[in-house]
Amino acid sequence: MSGGLQSNIPLAPLTTWKIGGPASWFWMPESEEELLEALAWARKNAHPVHILGRGSNVLVADEGLPGLTVCLRNLGSSGHEVTSMANGTAVLEVRAGLSLPRLSKLAAQQGFGGYEFYIGIPGTVGGGVTINAGYGPGDERQTANRCREVRTVSRDGEAAWKPYSHFHPRYRHTDLVDSGLVVTAARFLLEEPSSREAIRAETAQHLALRHERQPLTRPTAGSVFKGTPEGVPAAVYIDRCGLKGTRVGGAVVSPKHANWIENEGGATAGDVRALIRHIQQVVREREGIELEAEVRLLG
Ligand SMILES: Cc1cc2nc3c(=O)[nH]c(=O)nc-3n(C[C@H](O)[C@H](O)[C@H](O)COP(=O)(O)OP(=O)(O)OC[C@H]3O[C@@H](n4cnc5c(N)ncnc54)[C@H](O)[C@@H]3O)c2cc1C
């Protein structure tokens, strides 16, 4: 599926949870020019706009999304440019639709490490910089330290490169979220020269750890809740409350990782939302902790 305005498009196949109703209007631009066209159409028709990358951090409502959904996974999903800054540091420029695992591989091809953590994050560059994706120790600094600039387009069609720091990246959040700005490209610093063997070993270690700890064979959206401000993973509380295996309809708290909700098949957004509320209530009552959703609830 690609290009042009379409109506009544099912969104479930475009999310990793495989859940959610249709987009009233849908556009999958392949260039910034086409994105501008889509935004202008929405403006002219006074439609709200929803932005989707690879749908790996969202729960789309069963009723679907009104207005226009713009999915950016085809926006420059291949292609990149390496340039040098005045101080000799190399910069890798990619478009928003590139997948994060592909970004990891591109950096490796240039002989640079530090991007291995992206290998198991199935989102786009646009989604990754918008929510400041990270993994493991120093999570909130992983993207923040590497992304130098982002190119954004406003709903009025104004495009500009801005320093990433301008958007105050913090743990799983930036000022880009809900700003109305659409990320169309990003520039990443290549600062850690590394041997192919070292990058390969680090990448393999990341993948092995994920396979060991995460339910990667079922549709999920990764971690459902953020860790606490004190840095305690949400899984600790959910596990302690004995919630692994708890289910609502086709949605079940993963027996493998307490902070992941699996779609066993046929789960609805209503099931997942009810399970999220149940987990929050039990953890609040038994642990006195307010868990905040990491996944974005759309619609
Ligand atoms: C198996 C699995 C493992 C995961 N592991 C991790 C992990 O280790 N670390 C981690 O941080 N996340 C993880 N995630 C969650 C997810 O992959 C990341 O949050 C990813 O960055 C989301 O990118 P996306 O393109 O899928 O964004 P989407 O889910 O499509 O969108 C997420 C949010 O960003 C907005 N958005 C998306 N693209 C743009 C854009 N171009 N411009 C403006 N706004 C935009 C959307 O409107 C939405 O609000 C995991 C998910 C899965 C399924």
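Conventions. I number residues from 1 along each chain as its sequence is written. Because the model is predicted, I take local features only at pLDDT of at least 70 and side-chain atom pairs only at pLDDT 80 or more, while totals for chains, interfaces and linings use all residues.

Contact. I then looked at where these two domains touch, and noted 13 residues from domain 1 and 13 residues from domain 2, counting residues as in contact if their C-beta atoms, placed from the backbone, lie within 7 Å. On the side of domain 1, α1 (32-44) and β3 (49-52) each give two or more residues, and α1 gives the most, with six. Helices (H or I, at least four residues) and strands (E, at least two) are DSSP runs, numbered from the N terminus. I sorted this side by class into six nonpolar, four polar and three charged residues; Ala, Val, Leu, Ile, Met, Phe, Trp, Tyr, Cys and Pro count as nonpolar, Asp, Glu, Lys and Arg as charged, and the others, Gly among them, as polar.

Ligand. I found 32 residues around the ligand, of which G53, G123, G126, G127 and G222 come nearest; a residue is near if its C-beta atom, placed from the backbone, lies within 6 Å. β3, α3 (125-131) and β10 (182-190) each supply at least two residues of this shell, and α3 has the largest share, five residues. I also noted that domain 1 and domain 2 each provide at least three residues of the shell, which by class holds 15 nonpolar, 15 polar and two charged residues.

Definitions and conventions:
Domain bounds come from an automatic or database domain assignment.
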